[in-house]
Amino acid sequence: SARGHTPYDMISAAATQRAVSAVAPRVRRAVQHRAAPTHIPAPHRGLSRSSVVAKASEDDIMEQLMAMLGGGKKGAMVDEDKALPGRQQAMKVTNKHYVLGNPIQEPFPDNLETCVFATGCFWGTEKMFWRVPGVYSTSVGYCAGYTQNPTYEEVCSGQTGHTEAVQVAWDPTVISFADLLSMHWTCHDPTQGMRQGNDAGTQYRSGIYCSTKAQLELAKKSAEVYGAALKAAGRDRDITSEINGPGDNCVYYFAEDYHQQYLAKPGARPYCSAQPTGVPVPEDFLKENGAKLSASYWKKYGPRPGCTIQVSNEPVPVEEALNA
């Protein structure tokens, strides 16, 4: 192939089969989505130290094996020339939002604006945004990578360069971009680099992928303001969120149909690894940039430290939001 020699060229078929057999259980867990926390919760500290060490050793071996097979390290972005090739066929999804009832695929009505946000696991991210009044539609997908039309398993391998993301379409006469930036910054910890909580890997990195230059300018400004707010609150780490667009490798690919509006569907696993800081976006910045939601709204309906998803699936009514 044009890529030249791959790691597979250097190991025998038998070794490859053994590697695949060893990796299979972990891949199955990945398909079921999130792994269990790596720390031992207090109620389970009766586990022996040897069992914990064995688990850690197993993880180290698996990571080395995945690196040998092309999987790489969790925190390192794949080089473009080493990314998986993907495919031309686009992902088939149901073009109707499970909660809002509107289309999730473009073209949207001309009066709407769109932007793509990434805050870790896209299940919870999407729910946070579809509840905002004035949001017309949301969907989950993969953004800012190299592989064309990737699958979930491919993204989880770290070999596509994508991050899990949510495309939001909204009516700017009802809600402003500044309001959505406020949701972005407060529904996760944007200083964690290639992870969010228990979810580690390049696919969990934070990002804002803009569709206009005006969005890009305001997004960058908001990062400076929120970064200062975090420092003022005693948080020393810098914001690591990517802020790109329009263009700039911001192509958005839909995720599989079963991921769309996942948390609203029957039988959904209420998983959330987001780690909101509890630090609000400064109100003066929001007012200066046309925000329509007040500080009272964010206190009542905004994300809080701990799990962000134990709220109604229904969007907050516009009148109720504006009167908060």
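**View 1. Pairing of strands S1 and S6.** In this predicted model, strand S1 (residues 113-119) pairs with strand S6 (residues 206-209) in the antiparallel sense, over four bridges. Ala-118 stands opposite Gly-207 in S6.

**View 2. The open sheet.** Six strands form an open sheet with mixed pairing, in the order S7-S6-S1-S3-S2-S8. From one strand to the next, the twist averages 30°.

**View 3. Helices against the sheet.** Helix H3 lies across S1, strand S2 (135-143) and strand S3 (163-170), and runs at about 160° to S2. Helix H6 (residues 213-232) also packs on the sheet, where it touches S1, S3, S6 and S7. The direction of H6 makes about 155° with that of S7.

**View 4. The largest cavity.** The count comes to two cavities of 30 Å³ or more, and the largest has a volume of about 70 Å³. Its lining includes Thr-119, Gly-120, Cys-121, Cys-187, Gln-196, Cys-272 and Thr-308. Helix H3 (residues 122-130) supplies the largest share of this lining, three residues. The lining residues divide into five nonpolar, seven polar and no charged.

**View 5. The second largest cavity.** This cavity has a volume of about 40 Å³. The residues that line it are Met-128, Arg-131, Val-132, Met-183, Tyr-297, Tyr-301 and Val-316. Six of the lining residues are nonpolar, none is polar and one is charged.

Methods: Residues numbered from 1 in each chain as written. Predicted model: local features only at pLDDT ≥ 70, side-chain atom pairs only at ≥ 80, totals over all residues. Heavy atoms only, no water. 1 Å grid on protein atoms, 1.4 Å probe; cavity = no way out; pocket = protein on both sides within 12 Å on 5 of 7 lines; lining within 4 Å. Points joined across faces, edges and corners; volume = space filled by probe spheres on them. Helix = DSSP H or I, 4+ residues; strand = E, 2+ residues; numbered from the N terminus. Nonpolar A, V, L, I, M, F, W, Y, C, P; charged D, E, K, R; others polar. Pairing = 2+ DSSP bridges. Axes fitted to C-alpha atoms, helices over the stretch in contact; angles between N-to-C directions. Contact = heavy atoms within 4.5 Å.
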